[in-house]
Amino acid sequence: MLALVQGLTEFLPISSSAHLILVPQLFGWADQGLAFDVAVHFGTLAAVLWFFHDEVREIVVAWCRSLVGLEHDAADARLGWAILIATIPVVLVGFLFEDVIETRLRSPLVIASTTAIFGVLLWVADLHKKEIADEHRISLGIALLIGLAQAVALIPGTSRSGITITAGLALGLSRQAAARFSFLLAMPAIAGAALLETVELVRSPDPVDWLPIGVGLLVAAASAYACIKVFLGVIDRIGMLPFMLYRLALAGFLFWFFA
């Protein structure tokens, strides 16, 4: 169930951290452990890599060719640079403020508040979107601003996908472009988190039960892939209002439950 929750909420703008804290509390489950966190992160990473494998290959090839001065697709190379620039803020903020985030910002009150506040901001950005660019025309300045928004998502309850889509819409991207750039931007963020957790896991003396870990990885990957596919298929029709309403309901439930 936790792997399913992770897969479904990692890429929807509804905050995976809020769900992963609430579900174990509801059922009285113990902490799932570091190995499980590693598995579901690799599962969601595999899902987004597979879904965008053609685009990722083209971006990587164009970006590498641009480094050495070979002929390349300028739009794909620019998108590669945009992803790189947008990743820098979350790396710096995570490194500098890891202790504060882990010890002071994981309270139910913070999570419920950010779930509600950034849900409303998502809807407002969608209402006033301009739709003047797709992800291949993102400037490095816009990429940096979206990256700064992603750094804010280190606060639990904000939703990484939610705030990057919000920033993309506010900066002139279409719904599809904002979502696709958010998902592409997720790759280095999830990969970094998974690698850091893997290092901690290797250093940990705790034993690993590989069967539930393997099941968790597969379930997270399959559910995340399905979630990305469905979300991109319906986003232009339904907009962001349903996600705002869901986040407000979730925030209300969190306030009530933890009170």
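Visitor: Which rules apply to the numbering and to the atoms used?
Guide: Residues are numbered from 1 along each chain as its sequence is written, and side-chain values use heavy atoms, with hydrogens and water left out. In this predicted model local features need pLDDT of at least 70 and side-chain atom pairs count only at pLDDT 80 or more, while totals for chains, interfaces and linings use all residues.

Visitor: Which elements give two or more residues to the nonpolar patch?
Guide: A patch joins nonpolar side chains (Val, Leu, Ile, Met, Phe, Trp, Tyr) within 5 Å, or like charges within 9 Å, from residues with over 30% relative accessible area and no salt bridge; a salt bridge is a side-chain nitrogen of Lys or Arg within 4 Å of a carboxyl oxygen of Asp or Glu. Met-1, Leu-26, Phe-27, Trp-29, Phe-253 and Trp-256 form this one, with about 680 Å² of accessible area together (Shrake-Rupley method, 1.4 Å probe, only the protein chains shown counting as cover). Helices are DSSP runs (H or I, at least four residues) numbered from the N terminus, and those that give two or more residues are α2 (16–27) and α11 (241–258).

Visitor: Is Trp-29 buried, partly exposed or exposed?
Guide: Trp-29 is in the loop between α2 and α3 (34–51). Buried means under 20% relative accessible area and exposed over 50%, with partly exposed in between. Because its relative accessible area is 37%, Trp-29 is partly exposed.

Visitor: Which helix gives the largest share of the lining of the largest pocket?
Guide: A pocket is an open set of points on a 1 Å grid over the protein atoms alone, with protein on both sides within 12 Å along at least five of seven lines; lining residues have an atom within 4 Å of a point. The largest pocket is lined by 50 residues, of which His-41, Glu-102, Leu-154, Ala-193 and Glu-197 lie nearest its centre. The largest share, ten residues, comes from α9.

Visitor: How many charged residues line the second largest pocket?
Guide: Its lining has 15 residues, and α4 (53–67) is among the helices supplying at least two. Asp, Glu, Lys and Arg count as charged, Ala, Val, Leu, Ile, Met, Phe, Trp, Tyr, Cys and Pro as nonpolar, and the others, Gly among them, as polar. The lining has 13 nonpolar residues, two polar and, as for charged ones, none.

Visitor: What is the volume of the largest cavity?
Guide: A cavity is a set of grid points where a 1.4 Å probe fits but cannot get out. Phe-52, Glu-55, Leu-79, Glu-135, His-136, Arg-180 and Leu-184 line the largest cavity. Volume is the space filled by probe spheres set on the points, which are joined across faces, edges and corners; here the value is about 30 Å³.

Terms used:
Buried means under 20% relative accessible area, exposed over 50%, partly exposed in between (1.4 Å probe, protein chains only).
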